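Please examine the sequence and the structure shown below. The paragraphs that follow lead through selected strands, a helix and aromatic contacts.

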Amino acid sequence: MSAPGRIAPAPPPTWRVAAASVRGASHERLSLPCQDAHQWALLPDSFLVAAVADGAGSALLAEIGAAVAVSATIEAARRRFTQLKLPNLKDDSAWHELLKELLSGAREAVEQEANSRALPARDLACTLSLVIATTDFAASIQVGDGAVLVATPQGEMTLVNRPVQGECLNETIFLTSPEALEHAQTGLWRGHLGHVAVFSDGLQMAALRMPAAEPHPGFFTPLFQFVGGQAEGPEAHEALANFLTSPRLRDRTDDDVTLLLAALLP
């Protein structure tokens with residue numbers, strides 16, 4: 001309790017997160033596992049770090065590569081926050097360097113996992129999208145398809161990173177590709193942050209207005225309202241998973257789907 005006559009300081013803003021990775025109809029028909037993965041962590045100073053990976057359909061152990069990539073990325077970010085000082089939020093070059101460092105670490109973790117199984121790294125190929133966000137700043141890096149979106153409390157939406165595809169349809173660059181680090185997208189955003197969304201390419205046709213790849217407000221607005229007003233825990237994740245397996249979504253895609261939603265609560 002605060003002393004009489006003194007006003008207690010307001011608690012810092014915090015994040016509410018709902019996330020799910022679900023198996024697509026095509027994988028269900030073929031009795032294949034979900035090859036998407038996601039992970040996140042809440043860190044000091046109202047920071048959120050979140051990662052989504054999509055295993056390559058042609059890779060033997062794509063689901064293992066995706067799981068290793070997101071786990072290694074989140075743990076590396078957690079260590080960086082606890083052991084080293086973060087870059088100044090105004091230092092663009094330092095943030096780009098940090099993002100590349102985290103991506104490189106994820107790549108090394110996937111390669112080590114492949115070596116431990118006596119397999120080539122391409123057998124664990126996956127894409128990776130990472131975002132680090134706080135109240136007025138977001139930094140993101142991505143290799144391959146998928147996307148990272150931020151929104152203000154007023155609903156203004158921006159893709160910090162957008163889908164990246166090769167010259168042919170369904171061709172993309174993977175974390176294990178020789179040119180992965182060279183072609184990785186990095187993006188920085190500054191403003192009054194309200195929401196974050198990270199999603200795999202299975203959602204692109206429903207969540208983005210193609211071919212311009214612009215955010216679809218009709219898709220994201222009710223989802224942001226959901227995560228902002230929904231109690232955290234298994235119920236929120238289950239409700240999101242049910243939405244991602246609903247006929248409305250299944251009519252648009254038969255691919256594995258991952259969606260991670262976060263709302264910044266004052």
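Which residue in β12 is the bridge partner of Trp15? In this predicted model, the residue paired with Trp15 is Leu264 of β12. The pairing belongs to a set of 9 bridges that join β1 to β12, and these two strands run antiparallel. Strand β12 is also joined to β9 (residues 195–199), by 5 bridges and again in antiparallel fashion. There, Phe199 stands opposite Leu259.

Strand β12 is mostly covered, with 9 of its 9 residues buried. On one side lie Val257, Leu259, Leu261, Ala263 and Leu265; on the other lie Thr258, Leu260, Ala262 and Leu264, so that both faces are covered.

Helix α7 (residues 234–244) is one of the elements that pack in this region: its buried residues are in contact with β12 (257–265), as well as with β1 (14–22), α6 (217–229) and α8 (247–250). The buried residues of α7 are Ala236, Leu240, Ala241, Phe243 and Leu244. They are placed on the same side of the helix because they cover an arc of only 160° around its axis. The face turned away from this buried side carries Pro234, Glu235 and Glu238, which are exposed.

A further part of the fold is an open sheet of 5 strands, in the order β2-β3-β4-β5-β8 with antiparallel pairing. Its edge strands, β2 (36–43) and β8 (185–190), each pair on one side only. Neighbouring strands of the sheet are turned by 10° against each other on average, direction ignored. Within the sheet, β5 (residues 137–143) is joined to β8 by 6 bridges, and Gln142 stands opposite Gln185 of β8.

The whole structure contains 6 aromatic pairs. One of them, Phe47 with Phe81, is edge-to-face, at 5.1 Å centre to centre and 75° between the planes. Because Phe47 lies in strand β3 (residues 47–55) and Phe81 in helix α2 (residues 62–83), the pair ties together parts that are 34 residues apart in sequence. Phe47 counts as buried at 7% relative accessibility, and Phe81 counts as buried at 14%.

The pair Phe220 and Phe224 is stacked, because the ring centres are 5.8 Å apart and the planes lie at 25°. Both residues belong to helix α6, 4 residues apart, about one turn of the helix. An α-helix has 3.6 residues a turn, so residues three or four places apart point the same way. Phe220 and Phe224 are both buried. Together with Phe199, Phe219 and Phe243, they form one aromatic cluster.

How values were computed:
Residues numbered from 1 in each chain as written. Predicted model: local features only at pLDDT ≥ 70, side-chain atom pairs only at ≥ 80, totals over all residues. Heavy atoms only, no water. Buried < 20%, exposed > 50% of the residue type's maximum accessible area, 1.4 Å probe, protein only. Arc of directions from axis to C-beta. Contact = heavy atoms within 4.5 Å. Pairing = 2+ DSSP bridges. Axes fitted to C-alpha atoms, helices over the stretch in contact; angles between N-to-C directions. Phe/Tyr/Trp six-rings, centres within 6.5 Å; stacked < 30°, edge-to-face > 60°.
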